[in-house]
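The report below covers one protein chain. It begins with contacts along the sequence and then turns to the fold.

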Amino acid sequence: MKADSVRGHLDGMLLAVLEAGPLHGYAIITAVQRRSGGTLELRTGTIYPALNRLERLGLLSSSWDSVGERRRRCYQLTEAGRGALAGERRAWAEFTAAIGSVLNPSPAT
């Protein structure tokens, strides 16, 4: 899938993946890939700047987690993030309905 197809929808996808609970960066990338049936492969250079921006906006919070001797940053939705996710879902539904009605018009009655 073209990178341009994802542009503008990355925030919503990240928020949706984090809805179930905290995840670290690689787990987020894996979740997006799994949910998309392997169609979407996001890169770390795309994910981490977006996660940092969403955290600055107050939509995510993060904390350090240790697994053995490895430390990794885990991200989770804030209440504001849950509200933003609801808005992203509404916007997506409106967008897909509008595009769908152009690409697949219903027969005139």
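## Contacts and overall form

Of the contacts (heavy atoms within 4.5 Å) in the protein between residues at least 6 apart in sequence, 49% join residues at least 24 apart. The model is predicted: local features need pLDDT of at least 70 and side-chain atom pairs count only at pLDDT 80 or more, while totals for chains, interfaces and linings use all residues. Residues are numbered from 1 along each chain as its sequence is written, and side-chain values use heavy atoms, with hydrogens and water left out.

The C-alpha trace spans about 65 × 30 × 20 Å along its principal axes. Of the 109 residues, 28% are buried (under 20% relative accessible area, 1.4 Å probe, protein chains only).

## Secondary structure and sheet

Five helices and three strands are present, in the order α-α-β-α-α-β-β-α from the N terminus. These are DSSP runs numbered from the N terminus: helices are H or I of at least four residues, strands E of at least two.

The three strands form an open sheet of order 1-3-2 with antiparallel pairing, where pairing requires at least two DSSP bridges between two strands. Strand 1 (23-24) and strand 2 (60-67) are the edge strands, each pairing on one side only. Strand 2 and strand 3 (residues 70-77) run antiparallel and are joined by eight bridges; Leu60 stands opposite Leu77 of strand 3.

## Gly21

Gly21 sits in the loop between helix 2 and strand 1. Gly21 counts as buried because its relative accessibility is 19%. The C-alpha atoms of Gly21 and Gln76 are 6.1 Å apart in space, although the two residues are 55 apart in sequence.

Definitions and conventions. Buried means under 20% relative accessible area, exposed over 50%, partly exposed in between (1.4 Å probe, protein chains only).
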